[in-house]
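Please look through the structure below before reading on. The paragraphs after it take up a few of its features in turn.

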Amino acid sequence: MLIEFTLNSENVSVDVPAYFRLSDVLRDEFGLHGLRNACRKGYCGLCSVVLDGKLVYSCLIPVFQIRGREIMTIEGYSKTDDFEDVYKGFKKEGVHLCDYCAPTRTLTTGILLDRYARPDEHQLMEILTTVTCSCTPYETLKKGILSAARFRQRRLQ
Amino acid sequence: MSEDKFRSRLAGQVSFPEDISSRKMVYALQVRAERAPGILKEIILPRLPSHIKFFQAEDIPGKNYLSYPDESVPLLADTEILYPGQPVGVLTGPDADELYSIRKEISLEITPIPGFPPYRMRDSRACPAEKVIQKGSTLRGMEKAETVVEGDFSLILPEMPVYPRQAVYCTKEGGTYVLHLHSQWPSLIRKLCAQAAGISRKQVEIHFNPAGRTWDSHVGQSVPAAALTVCITSILRQPVKLIAERDLPCRKEIFYHYRAGVDQSGRLTALEAQVYLNAGAYGCFSSEVVTRLALGTAGLYQCRHLDIRAKSFRSNYPPWLPLSTWGLAQGEFGAEMLVNHIALETGQDPADWRSRNLTAKGNLNATSGKIRQTPPLSDMITELSEASDYTRKHAVSRQIRTNRNALSITPSSYAGIGMAVSRQGYDFLSRDKLLTAASVSVTLQKEGTLDVLLGTVPATPGIMAIWRKNISASLSIEEEKVNLILDRPDEQSFNGPSCLSRNILVFTKLIDQCCSIIQKKRFREALPITETRTFRRRTANEWNEEEMKGTPFSQSSWGCAVVEVSLFTATREIVIPQIWLTINCGTLLDPPGARSFVESEVRMALTHCLDKQAIKPSLFPKLHIRFEEDGKKSTQPSGLEGLALGTIPAAFTQAVSQASGITLTGLPINSARLLSGGN
Ligand code: FES
Ligand code: FES
């Protein structure tokens, strides 16, 4: 099935069976390896991408559903100013992410900061839980997220 | 880490073996025996298309076994199948999905054989390792006892979360097999891959996948996968990606039985303990693990009469050793559970009991080695008790527990608080070179660059940056000119695994030694100058593993934890509001990194406690971590690993027992188990 959609601001098309997982298509057909195919069951969030501005777990989405829609992955997001805020925030607070969840964590943090410009404790938890991570401490991550939020506020002021 | 490197990591530009592919690549999928134990009679294959290949034991070009310390494990089983899931063959082909569907059509003819006997039956065939610590006469010690405290408990360790980062990719470049994988056992991998593929070690080049924290127990996943991938690459002469699959369900269980004599003042007069560790079908790594398990179980307290027996036993489950901290923290769990039990039986404050009974300078330790320096634990206990208000909270909770039956109303929740201490030593105690070898080679080149050949895997993300910074400061060389080389097949000597904080403890020391010699020579001798330093193993006088006598660790780190829990009466939900942790690990090289490390280990320790894979951030306790540095210039860094693991599970168990009024006899625990009486 030929599926056309927008990927990281470019119009693209792919010919794959309609039931293929979006995560597989993005990784295998487009070589976008920033998202991980970890649990393939919607548990870990490591396959998160942005579909029409909203975070989704791409392992749960059959590819035919993205026809005509807009997808952004970390590869596209890393070219935005918003990415820079997260990068600076994480860097400043020494968030030593192992590379495994780093890209998805960065993407989800950036996107959720659109919604929560100044996240309170509860919202921080939501940002944290979107992606399962097995190594970076929550306290450090929280500091990194708050710092990213401050960089963003300063830039937008 | 340079700006750009950090940016590219966040931007997803780092490749993992699962991300690597090439045009000619084939996938490899292991075929496993579903039933065990038994004798494999035949592998019945469907008609395979020409692009699909199947390999079995007889196709392995070199040796079809992995020689681990203590016992070898077959790479592909050809006769005896000892556990369900044991690999018997490998399918290869260009399409992973096709391999999965063909695998379903393969059947195995297996004749059943009897399994290993239960561990309580004394059958030497089923016991790969046993270690005994004996001191004095427990018979005499027990005679002096006023009270005898006896108990049993079990610890079932959780499965580690598994990600496909364990995929392995191998390609042949010229005469070299280039392996992409993640493991903290680089030298062992090189050796065993070469052995299995019948090639020389120099032909194996390892590209480490930079995934964060390494885990002690990953040898069982990475080594066989790597060896199979290299074998198949060498047969097919094509790049091969071995598909990583979920871990097989292991039985990671440890059983404890203890009997302790306590005199009127609450002092230990004798301690008898038996610990049994389920090693799975093969006893690899058993000896080191059982030694540490015995040492941990002996505890850190004064006792003249000891009889500690630690054993591993075989079962028809996948082998899974070594475990995190190689058994020391798990042994300490037993010792600390006993202390909490004694305090409860004798009506004493556990913090106070500990402070009064800890060994001190001049005492003999459990293995009759003289203690030359009083451990800092007593002060740590006092400070932590004050910081957490332990004594008061403990007394209140105990009061409530005692009176709960007399209360006419049930509160919505009960509180409990627990304490435990831990000592971690980072030396390997066996003399097996596979474990203990470590050497570093540093070359100051003519152009002013410095090559540091490590042959180790960074166990935490920050350690490489610290080494680079320290080297640059000690030799006044710009950081960019310091090349840390993890792997160079031609020159690399054999190094043990990067676990047990060996990176911090051993490699930092070796790097320092090399650098200070280079500093002395650099303006006197012509460049390039190369200096190699090798880790000196401990002599049998210092530590005798066979007899379990002497001073086992050259250097130790100390930890003390207090865990607070709330137990909701209606639902039996357990919440851990706060954890206090004090750590003394010598000089801290990287304070933020150390904090991160401890925090993630707390998370891991909590998975030992609660019956969940991971602790949700929203339920994660507030952590109060304090590092004690004694400020002496001479103090070496001594590692962090295992301190949270050695303390938190026992402290948690005490807290939950107190809150629930149920004496817990095992971990992990969950609400359902508490509702049904706890056991
Ligand atoms: S891979 Fe999609 S949620 Fe885990
Ligand atoms: S998985 Fe390693 S930092 Fe998240």
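The text that follows goes from the nonpolar cores to a helix and then to aromatic rings.

This is a predicted model, in which local features need pLDDT of at least 70 and side-chain atom pairs count only at pLDDT 80 or more, while totals for chains, interfaces and linings use all residues. Residues are numbered from 1 along each chain as its sequence is written, chains are lettered from A and ligands numbered from 1 in the order in which they are written, and side-chain values use heavy atoms, leaving out hydrogens and water.

A nonpolar core is a set of buried Ala, Val, Leu, Ile, Met, Phe, Trp, Tyr and Cys residues joined through side-chain atoms within 4.5 Å; buried means under 20% relative accessible area, exposed over 50%, and partly exposed in between (1.4 Å probe, protein chains only). The largest nonpolar core has 221 residues, and those touching the most other members are Tyr68(B), Leu179(B), Val602(B), Ile648(B) and Phe652(B). A second, separate core of 20 residues includes Phe5(A) and Leu51(A).

Helices are DSSP runs of H or I with at least four residues, strands runs of E with at least two, numbered from the N terminus. In helix α12(B), the buried residues include Ile463(B), Trp467(B) and Leu475(B). After α12(B) comes Ser476(B), with a positive phi near 50°.

Rings of Phe, Tyr and Trp (its six-membered ring) pair if their centres lie within 6.5 Å, with planes under 30 degrees apart counted as stacked, over 60 as edge-to-face and the rest as tilted. There are 16 aromatic pairs over all chains. Phe5(A) and Phe30(A) form an edge-to-face pair, 5.8 Å centre to centre with 85° between the planes. Phe5(A) counts as buried because its relative accessibility is 2%, whereas Phe30(A), at 25%, counts as partly exposed.
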